[in-house]
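This briefing covers one protein chain.

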Amino acid sequence: MLTYPKGDNPLTTLIHPTAVIHPKAQIDPTVEVGPYAVIGDQVKIGAKTTIGPHVVIEGPTEIGENNRIFPSAVIGLDPQDLKYKGAPSRVKIGNGNTIREFVTVNKATHADEVTEIGNNNLLMAYVHVAHNCVIEDHVIIANAVALAGHVHIESRAVIGGVLGVHQFVRIGRNAMLGGMSRIDRDAPPFMMIEGNPSRVRSLNLVGLRRAGLTTEDVGYLKKAFRLLYRSDLTLQQALEQLESLDNNEYAQYLRHFLQLSTTGEKRRGPIPGNN
């Protein structure tokens, strides 16, 4: 345990003597750093975060409070992108995240861009978060998931293990993706998606109830699901009919997501149903 000079408050940070920390790194006094960890300059780490053995963190990287980063995770290194030319891009991680063994989080490609992870997420072992990805809040990503560049995962999505997500794909809030699926287009919110090629299979009913949606909210989404995936309507026709459900915020959000997926810049279109 290291301490301040006599008369000052004790430095409560537990830093293993084999850790290598750049003198310019900004580390809160309550941070714990394990054996052989390497922390570079331009790294800022908030209160009560724990850094496990052999973790490597380079900057510019900002990590918030109460995060647990497990052994051999690597955060803030250059992106695996041939367009990267040394720009001062960065990584930003919020509060309360669990980042398990051998997770890699690359910084963004161009200057002033960011790879961002929000709050209270669980990234299991061997997850790869590529350049310019955004992970919102309360997301669970199972083991050995590979996110390509510019993937955006909305809050409370659940990603099954051993799958890949194509670049520029967006995964909607409260979606659940089955393990070993191929995710090459946008995953609509509130849905269960699975397969190779992946297809929308059903509503994520368990996830919706856990998220606090009411029976009425789920009823609206059931109507929307039938229009989108169990009717003979084209996607555009179904979206037009969904306007009648716009008095429900969740049905409205689903329609808005699908409209942007089909018309937005650098969007890949939505994963279809299996009908």
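**Sheet and overall make-up**

An open sheet is built from eight strands with parallel pairing, in the order β3-β6-β9-β12-β15-β18-β21-β24. The edge positions belong to β3 (26–27) and β24 (170–171), each with a single partner strand, so one side of each has no neighbour in the sheet. Two strands count as paired if DSSP finds at least two bridges between them.

The model is predicted: local features need pLDDT of at least 70, side-chain atom pairs count only at pLDDT 80 or more, and totals for chains, interfaces and linings use all residues. Residues are numbered from 1 along each chain as its sequence is written, and side-chain values use heavy atoms, with hydrogens and water left out.

**The chain as a whole**

- The chain holds four helices and 28 strands; both are DSSP runs numbered from the N terminus, helices being H or I of at least four residues and strands E of at least two.
- The C-alpha trace spans about 75 × 40 × 30 Å along its principal axes.
- Of the 275 residues, 46% count as buried. Buried means under 20% relative accessible area, exposed means over 50%, and partly exposed lies in between, with a 1.4 Å probe and protein chains only.

**Around strand β15**

- Strand β12 (residues 90–93) runs parallel to strand β15 (residues 114–117), and four bridges join them.
- In this pairing R90 stands opposite V114, and K92 stands opposite E116.
- Strand β18 (residues 134–135) also runs parallel to β15, joined to it by two bridges; here E116 stands opposite V134.
- In a regular strand the side chains alternate between the two faces of the sheet.
- In β15, T115 and I117 make up the covered face, while V114 and E116 make up the uncovered one.

**Aromatic pairs and charges over rings**

- There are four aromatic pairs. Rings of Phe, Tyr and Trp (its six-membered ring) pair if their centres lie within 6.5 Å; planes under 30 degrees apart are stacked, over 60 edge-to-face, and the rest tilted.
- F102 and Y126 form a stacked pair, because their ring centres are 5.1 Å apart and their planes stand at 5°.
- That pair links distant parts of the chain, 24 residues apart: F102 is in the loop between β13 (98–99) and β14 (104–106), and Y126 is in the loop between β16 (122–123) and β17 (128–129).
- F102 is partly exposed at 42% relative accessible area, whereas Y126 is exposed at 52%.
- F190 and Y253 form an edge-to-face pair, because their ring centres are 6.3 Å apart and their planes stand at 70°.
- This pair also links distant parts of the chain, 63 residues apart, with F190 in the loop between β26 (182–183) and β27 (191–195) and Y253 in helix α4 (residues 249–263).
- F190 is buried at 0% relative accessibility, and Y253 is partly exposed at 25%.
- Ring pairs link F190, Y250 and Y253 into a cluster.
- R173 lies over the face of Y253, 4.9 Å from the ring centre, and K223 lies over the face of Y220, 5.4 Å from the ring centre. A charge sits over a ring if NZ of Lys or CZ of Arg is within 6 Å of the ring centre and within 35 degrees of the ring normal.

**Largest pocket**

- The largest pocket contains about 240 Å³ of space. Of its 13 lining residues, I140, R156, V158, G207 and R210 are the closest to its centre.
- On a 1 Å grid over the protein atoms alone, a pocket is an open set of points where a 1.4 Å probe fits, with protein on both sides within 12 Å along at least five of seven lines; lining residues have an atom within 4 Å of a point. Points are joined across faces, edges and corners, and the volume is the space filled by probe spheres set on them.
- Helix α1 (residues 205–210) gives the largest share of the lining, three residues.
- The lining divides into seven nonpolar, four polar and two charged residues. Ala, Val, Leu, Ile, Met, Phe, Trp, Tyr, Cys and Pro count as nonpolar, Asp, Glu, Lys and Arg as charged, and the others, Gly among them, as polar.

**Backbone details**

- Most residues other than glycine have a negative phi, and most peptide bonds are trans.
- G59 and P60 are joined by a cis peptide bond with omega about 0°; P60 is in the loop between β8 (56–57) and β9 (61–63).
- The bond from N196 to P197 is also cis, with omega near 5°, and P197 is in the loop between β27 and β28 (198–203).
- N120, in the loop between β15 and β16, has a positive phi of about 60° although it is not a glycine.
- K266, in the segment after α4, has a positive phi of about 60° and is not a glycine either.
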